[in-house]
Amino acid sequence: LTPRVKPDKLPLYRLGLKSFFEEGRSLAQISHPSVVSVLNFFRENETVYMVMRYERGRTLQEHIQKHKGEIRESFIRTVFARLLNGLREVHTHKLLHLDIKPSNVYLRNDGQPVLIDFGAARQTLSIDTPLLKPMYTPGFAAPEQYNNTRRELLGPWTDIYSIGASMYAC
């Protein structure tokens, strides 16, 4: 199979595949109950696949909508303390999430939060990785993510800002 990519966009496509594969490799090394578990990652059919553990539950966004105005401080403290522990592990592995928001926080049926959707996590903390155009969600993105391609302005603090915005959404 050949990807349906315009010839002039092929180098960027290949860079994206490489970044996604490296992201899968980094995520597969993380073993934390608050970070999605990557079981496998591989190249096939001119693309890259990531196999993740299936989780039962709902997103924090769905929880907020269902319990509008009724979310207790104790719930917020518990969920975000666990989430921050998982995020510390992500940052320890030199990876940034860069798109933390309530729809990217999954609440298992037992209440344990899981950080999901590392699709924007193309920016690592290492300097030797090429920088792709950042993706972000307005309202949850840190100021340095808007109209910015300078790597040195992004860091763990960028994810922490989004955690704060997600707490506020609760």
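The model is predicted, so local features need pLDDT of at least 70 and side-chain atom pairs count only at pLDDT 80 or more, while totals for chains, interfaces and linings use all residues. Residues are numbered from 1 along each chain as its sequence is written, and side-chain values use heavy atoms, with hydrogens and water left out.

A nonpolar core is a set of buried Ala, Val, Leu, Ile, Met, Phe, Trp, Tyr and Cys residues joined through side-chain atoms within 4.5 Å; buried means under 20% relative accessible area, exposed over 50% and partly exposed in between (1.4 Å probe, protein chains only). The largest such core has 25 residues, and those touching the most other members include Leu60, Phe80 and Leu115. Helices (H or I, at least four residues) and strands (E, at least two) are DSSP runs, numbered from the N terminus. At least two core residues come from each of α2 (60-66), α3 (73-92), β4 (105-108) and β5 (113-115), with α3 giving the most, six residues.

On the surface, leucine 39 lies in strand β1 and counts as exposed at 59% relative accessibility.

Rings of Phe, Tyr and Trp (its six-membered ring) pair if their centres lie within 6.5 Å; planes under 30 degrees apart count as stacked, over 60 as edge-to-face and the rest as tilted. This rule gives two aromatic pairs. Phenylalanine 21 and phenylalanine 41 are edge-to-face, because their ring centres are 5.0 Å apart and their planes at 70 degrees. Phenylalanine 42 and tyrosine 49 are stacked, with centres 5.3 Å apart and planes at 25 degrees.
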